[in-house]
Amino acid sequence: MNLECHWSPEAPECRYCFFRAVTDSEIEQHEIEDHYYCAGCDRRFQNLNNIRQHLNSKLHRQSVVICPFCKAACGTATGLSHHLERGACPRAPMNRDKLYRFVKIRDPAGVISNRDVEWAGEKTYTINPRAAWNPWAKAYECYLCHKLYNTLHALKQHLESPRHQQNLYHCLKRSCGREFSTLAALTNHLESESCRILRFQQVQKGIANIVTPGRMISQTL
């Protein structure tokens, strides 16, 4: 733009409207926010949330989150949380239960953990084979959600999975009200930016502080 407020013919212009800007990056951001268009993939989306999820996907994000214990590349904050909760880290023998206890100690203000949960560890189930067997479906049935499984072992794994466990975490944005049974589910929610309380990159930087000893969680987010 010159002193007479006229754009130069070479100024970058939006491909969908007459908007112009000084730099290509400004045009790219405009097309994302106003037209839900990803220039890198030449693809339009239905709404802003959809394109944000696309931009936060593996297609556009590099594996930069490193496990602070075993140094494995976990891709995203969600990946690191899942890595620890499923006991995949060889140097930090954790699972969902142990990680929650660890996080809760470091979160006295209840920034992300549900403080009022009477937590006695993960639920375990003893299954009565005859009661669980569905003769019409010829499979074992979950009495909570009615999903079917071919073996008792598969049904037990399902019952003791996070799907039927307590919600241990909540969104940082109290007005959101969403609760989650795993830290991975919470971080995935935050990465989506649907609540607009943290940007994707802020979640990536903050996750290491959440799962490693040191400062309280209220000081890291």
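Questions on a predicted model

Q: In this predicted model, in which helix is confidence lowest, and in which strand is it highest?
A: The structure is a predicted model, and its protein chain averages a pLDDT of 80, with 82% of the residues scoring at least 70. Where pLDDT is low, the predicted coordinates should not be read in detail. Confidence is lowest in helix α6 (residues 152-159), with a mean of 80, whereas it is highest, at 92, in strand β8 (residues 169-170).

Q: Is T76 buried or exposed?
A: T76 is found in the loop between β4 (73-75) and α3 (77-85). Leaving aside its neighbours within four places in sequence, it is in contact with V65, E191, F200 and Q204. Since a residue under 20% relative accessible area counts as buried, and T76 has a relative accessibility of 18%, T76 is buried.

Q: How many residues apart in sequence are T76 and K205?
A: In space, the C-alpha atoms of T76 and K205 are 9.8 Å apart. Along the sequence, the separation of these two residues is 129 residues.

Q: With which side chain does the side chain of Q204 make a polar contact?
A: Q204 belongs to helix α8 and is buried, with a relative accessible area of 9%. Not counting residues up to four places away in sequence, Q204 touches V65, G75, T76, A77 and E191. A polar atom of its side chain lies 2.8 Å from the backbone nitrogen of A77, and at 2.9 Å the side chain of Q204 makes a polar contact with the side chain of E191.

Q: Are the rings of Y16 and Y37 stacked or edge-to-face?
A: The count of aromatic pairs comes to three. For Y16 and Y37, the ring centres are 5.3 Å apart and the planes stand at 70 degrees; because planes over 60 degrees apart count as edge-to-face, this pair is edge-to-face.

Q: Which parts of the chain does the pair of Y16 and Y37 link?
A: The two residues are 21 residues apart, and the pair links distant parts of the chain. Y16 is partly exposed at 35% relative accessibility, whereas Y37 is buried, with a relative accessible area of 3%. The parts linked are the segment before α1 (24-35), which holds Y16, and strand β1 (residues 37-38), which holds Y37.

Q: Which residue lies over the face of Y16?
A: The distance to the ring centre of Y16 is 4.2 Å. The residue placed over this face is R44.

Q: How many residues apart in sequence are the parts that the pair of Y100 and Y169 ties together?
A: The rings of Y100 and Y169 have their centres 5.7 Å apart and their planes at 90 degrees, so they form an edge-to-face pair. Both Y100 and Y169 are buried. Because Y100 lies in helix α4 (residues 96-105) and Y169 in strand β8, the pair ties together parts whose separation in sequence is 69 residues.

Q: What covers the buried residues of α4?
A: The buried residues of α4 are R96, D97, L99, Y100, V103 and K104. They cover an arc of only 165 degrees around the axis, which puts them on the same side of α4. What covers them includes α3, β8, α7 (183-191) and α8 (200-211).

Q: Which residue has a side-chain oxygen that reaches the backbone nitrogen of D97?
A: This approach takes place at the start of α4, where the oxygen comes to within 3.1 Å of the backbone nitrogen of D97. The side-chain oxygen belongs to N95.

How values were computed: Residues are numbered from 1 along each chain as its sequence is written. Side-chain values use heavy atoms; hydrogens and water are left out. Helices (H or I, at least four residues) and strands (E, at least two) are DSSP runs, numbered from the N terminus. Buried means under 20% relative accessible area, exposed over 50%, partly exposed in between (1.4 Å probe, protein chains only). Contact means heavy atoms within 4.5 Å. pLDDT is the predictor's confidence in each residue, from 0 to 100. Rings of Phe, Tyr and Trp (its six-membered ring) pair if their centres lie within 6.5 Å; planes under 30 degrees apart count as stacked, over 60 as edge-to-face and the rest as tilted. A charge sits over a ring if NZ of Lys or CZ of Arg is within 6 Å of the ring centre and within 35 degrees of the ring normal. The arc is that of the directions from the helix axis to the C-beta atoms. A polar contact is a pair of N or O atoms within 3.5 Å; within protein, one must be able to donate a hydrogen and the other to accept it, and residues adjacent in sequence count only if both atoms are side-chain atoms.
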